[in-house]
Amino acid sequence: MSLDYVKFSNGFEKFMPKEYRDMVEHGPFGKKISVSQMGSFKEVLEEHPMCAGCAMTLFIRLAIIAFPNPEDTITVGTAGCGRLAISQAAIPFVYGNYGDQNGVASGLSRGLRLRFGDKPKDVVVMAGDGGTADIGFQQVLHSWFRKERFTTIMLDNEVYGNTGGQESGMTNRGAVLKMAPLGKKFEKMDMLQMAKVAGCAYVATVVPNNPRRVESVIKKAVLIAREVGSTYIQAYTSCNIEYAIPTDKVMEDAKTVENDRYAFSEYISDEAKQYLAERYGYKEFLPKPAAPAAAIPGKA
Ligand SMILES: Cc1ncc(C[n+]2csc(CCOP(=O)(O)OP(=O)(O)O)c2C)c(N)n1
Ligand code: SF4
């Protein structure tokens, strides 16, 4: 699809808001830009009020750079730390009541399809582990069972960070937190398995240490959600405040956690593989050519 429509009609440039002009002239609107070019273009998210060194912010920044068409993407969020950064980005952000993000996104993505037809308008939910696995759980799961075509990203810091350290369903068993001083008594919820059971076409885990991997995962999830069905990404985005991780050790912690219990994983349904290969040229998912038939002894 051509990106030519992200251009100003002659004479109208000066009437466009400066922020939008900047995104077209110096940023990613209407262009293909990659995380490997970070620092050389104007980013959609440039400032945020989150804690210094917060890994969640790095992940959100990378995720937004990775959106296939940021100028046609709408993010949906909810109460929690992440929305403090997402709401500063130069793309639309919808914010509802705590936990209703997947319900809002369902209506939004259906409405956008009715209004814009085949022109992709990507809807991406980004919410904390409490918002996704606890308060918003029912709406999240039902949106997946209904195969709503948008991406859900869990910003999994394994705690309610924004309200001072209560345990969430995604906190690990035994973790002692400010507001869970006796230690969590139950296992971390297996949302990855639930996403697969509920029929998500793409399910992946990532940590923010590897920007190219974050980029690859986000792109696939958003593209698949355009036509195939729900997609889910679970990102380890540590809370350095509630887990007392020194800011200069945040990336080291992410690496350790990745090695211990948050290894990269990716599930792609066959339909989604075929779609990525045929529509977006993902060669690795093209059907393998049939092996040449073995020669029959005695035949020329
Ligand atoms: C209906 C409702 N209940 C409670 C709150 C208070 N509240 C705001 S953020 C939050 C916890 C957020 O935790 P999580 O979703 O894990 O995100 P994090 O802040 O850790 O990124 C709570 C309980 C609220 N805003 N609205
Ligand atoms: S409280 Fe934790 S998750 Fe929230 S901004 Fe601070 S470090 Fe990040």
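**View 1. Surroundings of Phe59 in the predicted model.** Beyond its neighbours within four places in sequence, Phe59 is in contact (heavy atoms within 4.5 Å) with Ile153, Leu155, Val206, Pro208, Val214, Ile218, Ala235 and Thr237. Phe59, together with Ile60, Met126 and Ile218, touches the most other members of the largest nonpolar core, which has 51 residues; such a core is a set of buried Ala, Val, Leu, Ile, Met, Phe, Trp, Tyr and Cys residues joined through side-chain atoms within 4.5 Å. This is a predicted model, in which local features need pLDDT of at least 70 and side-chain atom pairs count only at pLDDT 80 or more, while totals for chains, interfaces and linings use all residues. Residues are numbered from 1 along each chain as its sequence is written, and side-chain values use heavy atoms, with hydrogens and water left out.

**View 2. The salt bridge between Asp122 and Arg226.** The two side chains meet at 2.8 Å, N to O, in a salt bridge, defined as a side-chain nitrogen of Lys or Arg within 4 Å of a carboxyl oxygen of Asp or Glu. Because Asp122 lies in strand β3 (residues 122-128) and Arg226 in helix α8 (residues 211-227), the pair ties together parts that are 104 residues apart in sequence; helices (H or I, at least four residues) and strands (E, at least two) are DSSP runs, numbered from the N terminus. Asp122 is buried at 3% relative accessible area, and Arg226 is buried at 11%, where buried means under 20%, exposed over 50% and partly exposed in between (1.4 Å probe, protein chains only).

**View 3. The salt bridge between Glu148 and Arg146.** The side chains of this pair meet at 2.6 Å, N to O. Glu148 is buried, with 4% relative accessibility, whereas Arg146 is partly exposed at 42%.

How values were computed
Chains are lettered from A and ligands numbered from 1 in the order in which they are written.
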